Amino acid sequence: MKQLSRHYLKILSISIVFFVIAYIVSFAITLDDEKVYDSFTQIPIMTYWILALLAFLNYTFRFIRWYNFVSPMNNEISKFKHWLIYIGGFALTTTPGKTGETIRSVYLSSLGIKYSQSLGAFISERLLDVVTVLFLSIALFLFSFPKYTFWVVSATLMVIFIFLFFRSKLLARFIDKVIKHQSKTAIILFQNTISKLLENKSLLKALPLSFFAWGIQSYGLVIIVNALGFEVNQWLIMGIYNISLLAGAISFIPGGIGATEAAISILLTSLGMDLTLAVLASIIIRGMTLWFSVVLGLFSLMILNLTI
């Protein structure tokens, strides 16, 4: 089975530590230190444990969705190994569009699952994630930013169209007729995989898991904002988190770092929250979601390399 070299893992570990430090420092120097410290210390330690639990539940629901996608491709792979491979992908989640997570395909290819199949599962996951976070964001714009409703609805309809386009079996037939290159077989398998994973029967399991995953994680921002003394409709806060994730993804900045935090801060302040507290809230939620997943992913890769 293919694995990452120890040298590569060492470089990856150092890079993650560097980025975490740079991330914290870059935001810390822009804030009122005394106010940040006072606000930070007023949050109970138990709150961070709850945030970690919510994030872990998010990963668990997404893993179940992934496992339902890829396990039929080779039912001889243990669930624990699937878990390590899936969570290990988070080590490279700070890449544009989370494309680094396709490292899972490297491991799965050695276990008999073709790249075109695992990449099809990856794209199916991304499409479901985009659809889910968009729907979870709609309430925010309907009630707090109605002048942007047209654009949000238009974007939602466009995403739904792309979603239906990728799941259409007609696309595979079109590819079969148009493409003459030898790679056609792999491309058709890739498209057929997406079509199968996004068919109605599969969506009955995948969509609820997607909404549970992102709903739970976005509720973490509600907990943080309330802990900082600012109370507003929880659906609006959850909408802010989800639309900010999309803003980070659209920016194509690795991991949406900076763009997502900026979107969260701007939207929270537009609802009346103090800027310093809004920035602090964005840093905490990202630390307990993005960076928690990166660290967890790194440990999973280390364990995976030791057990193969």
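Which residues have the most contacts inside the largest nonpolar core? They are Leu221, Leu268 and Met273, in a core of 75 residues. The model is predicted.

**Core**

Take Leu268. Leaving aside neighbours within four places in sequence, Leu268 is in contact with Val225, Ile237, Ile240, Met273, Ala278 and Ala281. Met273 is also among the residues with the most contacts inside the core. In soluble globular proteins, nonpolar side chains tend to be buried together.

**Cavity**

How many cavities of 30 Å³ or more does the count give? The count comes to one. The largest cavity has a volume of about 40 Å³. Its lining draws two or more residues from each of three elements: α3 (45–70), α10 (200–227) and α13 (275–306). The lining residues are Leu51, Leu54, Ala55, Gln217, Gly220, Ile285, Met288 and Thr289. By class, the lining splits as follows.

| Class in the lining of the largest cavity | Residues |
|---|---|
| Nonpolar | five residues |
| Polar | three residues |
| Charged | no residues |

**Ser210**

Helix α10 also holds Ser210. Is Ser210 buried or exposed? Ser210 counts as buried because its relative accessibility is 0%, and the cut-off for buried is under 20%. Where does the side chain of Ser210 reach? It reaches the backbone oxygen of Ala206, at 2.9 Å. Beyond its neighbours within four places in sequence, Ser210 is in contact with Arg65, Leu128 and Thr132.

Technical notes:
Residues are numbered from 1 along each chain as its sequence is written. This is a predicted model: local features need pLDDT of at least 70, side-chain atom pairs count only at pLDDT 80 or more; totals for chains, interfaces and linings use all residues. Side-chain values use heavy atoms; hydrogens and water are left out. On a 1 Å grid over the protein atoms alone, a cavity is a set of points where a 1.4 Å probe fits but cannot get out, and a pocket is an open set with protein on both sides within 12 Å along at least five of seven lines; lining residues have an atom within 4 Å of a point. Grid points are joined across faces, edges and corners, and a volume is the space filled by probe spheres set on the points. Helices (H or I, at least four residues) and strands (E, at least two) are DSSP runs, numbered from the N terminus. Ala, Val, Leu, Ile, Met, Phe, Trp, Tyr, Cys and Pro count as nonpolar, Asp, Glu, Lys and Arg as charged, and the others, Gly among them, as polar. A nonpolar core is a set of buried Ala, Val, Leu, Ile, Met, Phe, Trp, Tyr and Cys residues joined through side-chain atoms within 4.5 Å. Buried means under 20% relative accessible area, exposed over 50%, partly exposed in between (1.4 Å probe, protein chains only). Contact means heavy atoms within 4.5 Å. A polar contact is a pair of N or O atoms within 3.5 Å; within protein, one must be able to donate a hydrogen and the other to accept it, and residues adjacent in sequence count only if both atoms are side-chain atoms.
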